[in-house]
Amino acid sequence: MNTMTDDVKVRVEKIISKMSLRAKIGQLNQPETPVGSEAEEFKNAVRRGEIGSVLMSVGATAGNDAQGEINVDFYNELQRIAVEESPDGIPILFGRDVIHGHKTVFPIPLAMAASFNPELVGKCYRDIAVEATNDGIHWTFTPMLDLCRDPRWGRIIEGPGEDPYVGAAIARAIVGGVQGDDISKSDSMLACAKHFIGYGASEGGRDYHRTEISDYSLYNYYLPAFRAAVKAGALTVMSSFNDVNGQPVTSSKKYLTDILRDKAGFDGFVVSDYDAVTQLIKQGVAETPEQCAALSINAGLDMDMHDRCYIDYLENAVKSGTVSEAVIDEAVRRVLTVKIKAGLFEHPFAERKELDRTSHLADARALATESAVLLKNEGVLPIAKSAKVGLIGPFANERRSLLGSWTLDGKAEETPTLAEEMRKAAGDKLNVINSSTLAWDSTNKNIAASDVVVLAIGESWTATGESRAVSDITISADQKALIKKAKTYGKKTVGVIFCGRPIAMEEISGDLDAVVYVWHAGSEAAGAVSDILFGVSSPSGRLPVTLPRRATHIPLYYNVTSSGRPVDCYYGENPGNCYVDSMPVPCYPFGFGLTYTEFEYSAPVCESDKISLSDLEAGKRITVSADVKNTGAVTAKETVQLYIRDVCASLMRPMRELKGFKKTQIASGGTVKVSFDIGYDDLGFYDESGNYVVEKGKIKLFIGKNCLTENQTEIEII
Ligand code: GLC
């Protein structure tokens, strides 16, 4: 018997038994923070027990709009009213988009995925939770787990990229970091796996747009990260704005109950996205707000974010019989259970102690360093200490964009620029060329005096995040011109790319001698980039998402199934057959990244070339290994990747599926045996009904440095 669970159940039933219907619905109501004169009526609503949770931000796109400093005293006053003056004394659950940092800003989540270092990601989210809970935030709306293959979508920056295995690893890391080892502690914060489900497949990369996802794809690509979050203990999920195959997720029993709860085992509560309940009218499945409320609560949507649809219309829905009070009770049970598990009744108020963030900033620098991906290096990096360096470009003195979108509490003015950090490293050997017009003629003497020219280029944070889709994923024309001009000086050029999303690289990578993709990497981005440029750190990031040659090649992703005809262009097969006018092979493929050394892999060796299905079902695992040798002069970290290919199955399987990665530091001249233990959970797939199956037959196993590796062996499941 799980006494903890039973105690919680007893407490919940005791509370519910005394609650009015309106107070129950109040627990399912999450308005946003009141502004100005709204505050008094807001306090009265809290006093009446009509507010169960508060969204600690203002506006539908909090990730784009500056949010005020958290007024801890105001929220504590709301909490005091709830606890002392409302009919049932139930504490308010305060939630905020603490997506990739609080006062210390860490790299955007897509960059974190590029670190392929879940342990470090988890450590950083522990830092984040300590800072956020100190300001009275009980609940964050992260991890965002939307698998995405379309860089036009601005929200690709918030997620883990194009792979379900990386998505699952990031989900575990973030949930574990945010919730800590005991969710009831005051410095633990509730995680929220979002957006369930399929939002990253928005048609054309246009935000909020419709999606078409087969159940087969949903179970094998989009659901695994959410399963991992649930298994890691996530107690809340946010439903997504989009529809899947004509069903708005907000009001879909199939997705919110049959799949999320029955298939994936989720037992926490589901919160809607902002105003998503009333948007059902515009989506064409409801005619009145009361119908919106009834459809949503009956589908399994427990809490209504911002639009007041539940608090204003659910009582009528109960009276009219379209919603039973039992359904409302079930939703309230889920919310109260989470509040009790989170220790909210024991520590409802914020304390706001003085925090020393030194270690958090060090972790932010470490993660920014490990997230940067070295794409090209033709004898330029690391820059020699004696070299004269010219630094030019719109991101040389940039602060705000380095923080990225969804930065509600980080401060641009506290964010060092690349010029400032490089100055620390290079002193008077650095020549920062402040050419606002990027016209080179006036600066040629500066360039001529340089040995190496660093071009700080990228995209503004305002071109990324929610409601920020773009149709053109190339670098801006003036920055392309800057690269072309740099080339005319005959100097070694380094492109440092401060982008949030993946961009099309065909037009720029050829003109640069070295390219480092540094994303929007947070408070310590500039210091991390400087460390990499001058060799203090060796780059070790890998791409969690494909970098295409051009936007018109989208969608282009590595875990694609084979065609029956010779057009598997991702893997270089007859790309001329794909388009007659261009080669849609990736500019840089999934899992790709260079370091300042070289690594050699031995052929993979498996302890056996056969394993029985019955042994796998009984839990037997099989080990496959490769020796990885650092043949260069620099100690560095290599991310050794394990892929499989199920060459013949009852349904088509991808040409490569990532099933393991290990980031390993290997000394110059050293060799490390890297092993992967694989078993039942690694060798199967979900069928169209969502059943996990492992089938007999041959499975290729690849161990290499990115998805294109042909370093393989084979096992047979018999
Ligand atoms: C936004 C986003 C969601 C966010 C919520 C609260 O519209 O879609 O990711 O958590 O509203 O700000």
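A polar contact is a pair of N or O atoms within 3.5 Å. In this predicted model, an oxygen atom of the ligand is 2.5 Å from an N or O atom in the side chain of aspartate 97, and because that distance falls within 3.5 Å, the pair counts as a polar contact. The points below describe the surroundings of the ligand and then the domains of the chain.

- Arginine 155 places a polar side-chain atom 2.8 Å from an oxygen atom of the ligand.
- Lysine 194 likewise has a polar side-chain atom that lies 2.8 Å from an oxygen atom of the ligand.
- On its own the ligand has 310 Å² of accessible area, and the protein covers 100% of this area.

**The shell and the cavity**
- The ligand is surrounded by 14 residues, of which the closest are Asp97, Arg155, Lys194, His195 and Asp273.
- The largest cavity is the space that the ligand takes up.

**Domains of the chain**
- The domain assignment divides out domain 1 (94–341), domain 2 (358–553) and domain 3 (597–717).
- Between the C-alpha centres of domain 2 and domain 3 there is a distance of 34 Å, and the contact between these two domains takes 4 residues from domain 2 and 8 residues from domain 3.

Key
Residues numbered from 1 in each chain as written. Predicted model: local features only at pLDDT ≥ 70, side-chain atom pairs only at ≥ 80, totals over all residues. Heavy atoms only, no water. Near = heavy atom within 4 Å. Polar contact = N/O pair within 3.5 Å; in protein donor to acceptor, adjacent residues only side chain to side chain. Areas by Shrake-Rupley, 256 points an atom, 1.4 Å probe, with all protein chains shown as cover. 1 Å grid on protein atoms, 1.4 Å probe; cavity = no way out; pocket = protein on both sides within 12 Å on 5 of 7 lines; lining within 4 Å. Sits in = over half its atoms within 2 Å of the grid points. Domains from an automatic or database assignment. Contact = heavy atoms within 4.5 Å.
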